[in-house]
There are 2 protein chains.
Amino acid sequence: MDISLLLQQLHDGEPRAIARAITLVENQEGEAAQILAGLDRQRIEDVLILGLTGPPGAGKSTLTDRLVGELRQRKIRVGIIAIDPSSPISGGALLGDRIRMMEHALDRDVVIRSMATRGRLGGLCASAGATARIMAASGCRVVILETVGIGQSEMDICRLADLTALVLAPGFGDDIQAMKAGILEVADLLVVNKADQLGAKKLQLDMGTVFSDPQDKEQRICTTVASEGTGVATLLERIFLFEELYRQDGRLQERRNRSFASETLDWAMELVRVRLQAKLATTPLQSIEPQQAARQLLQTLDGE
Amino acid sequence: MDISLLLQQLHDGEPRAIARAITLVENQEGEAAQILAGLDRQRIEDVLILGLTGPPGAGKSTLTDRLVGELRQRKIRVGIIAIDPSSPISGGALLGDRIRMMEHALDRDVVIRSMATRGRLGGLCASAGATARIMAASGCRVVILETVGIGQSEMDICRLADLTALVLAPGFGDDIQAMKAGILEVADLLVVNKADQLGAKKLQLDMGTVFSDPQDKEQRICTTVASEGTGVATLLERIFLFEELYRQDGRLQERRNRSFASETLDWAMELVRVRLQAKLATTPLQSIEPQQAARQLLQTLDGE
């Protein structure tokens, strides 16, 4: 394979080259390292990785769609990484996503990739980070990392983002008190979506109690009606406002450093997993407890 | 610490000794290996690890409660491992669980342990497996592994079980068609809970389409109204029926072998993680991409 040609096409925004590069990295092919090393560092520096998370039913997909619309109006090229939870129960969501995205599917400046959490989370985090950088190198100024659900897995994925918006809708308000600390740990912006529905005002007030600083309350809580596009332009302005702030005060760099360390660990673990699995298949283990067996397994690895 | 005394008390069913042993294993203390190696193998052989999973709202907690009641009526000692998803949104569930379990909290023959998925899943799976064996050694004939939610993480946890029941309730039926393959991969028994509610009949019929064999349809689908205790005794009989079947046809042993391998890998990965994290904190990495950095990191580990 001609890697330098692939890289050139990727940087020109050629959809097939981008898709191919992502697949090679996902599958940990030998070419992956060379591709990743050849990406335009300035574009990676300049991209904003925006995490969008929240419980199913809060309207994240519609909101993502509207945000993409706003970005495209401003001639901004955008990438979307949709993390599919791969749960049999919510399996239908993925299909919905795909249909939804058809609206932007013919737009060359909207790069879409779905990823499944089926398999190991560490591998997914590593792949998602690399995918965001490939999209950035292809000219995307913003990459939206959309996760369905807000379990621990989603939190881990959010750590890849420079900035995260938590999307809620009326009906989820009762848990706010319990989750206060959790929210602040994860979200820079709180979005009250479906703001035209009953209970939206109460949800907004509840969310207000998360912040003690009045300015935070003002700036970090946004209301939207994504289905009608209401409030989305303002949300996007806030996003860019916080990006600017975080770039200036060093928080963005700090998060990227942390994310670099965590991705490095994830990759290392994935590489070790492959070696351990191979060992496990060929090593006769003599213990009755997995913990002892694990130590035996590591000794054979160290003894190589 | 006097490990042999701890082990003796544990085998006598002494609650504090059991709790202490589990904590030592969870925290990967030095004593863990000795404790695990000292557990009664026959009791571990004889225990049934029953996975109970399903979406939030299906009534798993109530069903678990009723199953425990049925087991206790039969003088069977039982362990419960409740996996808390640690999601800020569903954080309230845990508290509910704890209150619910108060009913059995004073019963010395009901051993309860909650575990959080906060942190790494691999570590949780390893701990949950070891906890089930500690409970078994303490005399529990059945250990119920209750997980909230049915994402990928829950599937991974279910692999620890000898037998898994998927609990659904009316309102979740629409997804059945989409999740057919997924269900069979995970569940031995399908429980239609809240069978007195509207839509239960349809859900039952939908579930029937999952099985092509009429006998499977008959035996693997159970209906319950957990809130009233209806159908729970029958469900328990079915559980024991399948346990017997799986013990005889070798499926139980096969699952345990698979689970042994996967737990061994999880433990090994956890041990490696600790070493890698220490390395990461002290190694100056010279690459611009995490994947390369990971390789550098592994080289320093190998070079030891």
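Lys75(A) sits in the loop between helix 5 (60–73) and strand 2 (78–84) of chain A. Its phi is near 65°, a positive value in a residue other than glycine.

Before going on, note that this is a predicted model, in which local features need pLDDT of at least 70 and side-chain atom pairs count only at pLDDT 80 or more, while totals for chains, interfaces and linings use all residues. Residues are numbered from 1 along each chain as its sequence is written, and chains are lettered from A and ligands numbered from 1 in the order in which they are written.

Now find Lys194(A), in the loop between strand 6 (189–192) and helix 10 (200–208) of chain A. Its phi is also positive, near 55°, and this residue is not glycine either. Is Lys194(A) buried or exposed? Lys194(A) is buried, because 24 other C-beta atoms lie within 10 Å.

Let us step back to the whole chain. Chain A has 14 helices and seven strands; these are DSSP runs numbered from the N terminus, with helices (H or I) of at least four residues and strands (E) of at least two. Of its 304 residues, 46% count as buried. Among contacts in chain A with a separation of 6 or more, 74% join residues 24 or more positions apart; a contact means that two C-beta atoms, placed from the backbone, lie within 7 Å.

Chain A is divided into domain 1 (1–38), domain 2 (41–249) and domain 3 (262–302), with bounds from an automatic or database domain assignment. Where domain 1 of chain A touches domain 2 of chain A, 10 residues of domain 1 are in contact with 10 residues of domain 2. On the domain 1 side, helix 2 of chain A gives the most, with six residues. That side has seven nonpolar, two polar and one charged residues. Ala, Val, Leu, Ile, Met, Phe, Trp, Tyr, Cys and Pro count as nonpolar, Asp, Glu, Lys and Arg as charged, and the others, Gly among them, as polar.

Next, look at how helices pack. The axes of helix 13 (residues 251–282) and helix 14 (residues 290–302) of chain A come within 10 Å and cross at roughly 110°. Axes are lines fitted to C-alpha atoms, for helices over the stretch in contact, and angles run from 0 to 180 degrees between N-to-C directions. Helix 13 and helix 14 of chain A are therefore roughly perpendicular. Angles of 65 to 115 degrees count as roughly perpendicular, under 35 as roughly parallel, over 145 as roughly antiparallel, and the rest as oblique.

Helix 13 of chain A also packs against helix 14 (residues 290–302) of chain B, at an angle of about 60° with the axes 8 Å apart. That makes this pair oblique.

Technical notes:
A residue is buried if 20 or more other C-beta atoms lie within 10 Å of its own, exposed if 12 or fewer, and partly exposed in between; C-beta atoms are placed from the backbone.
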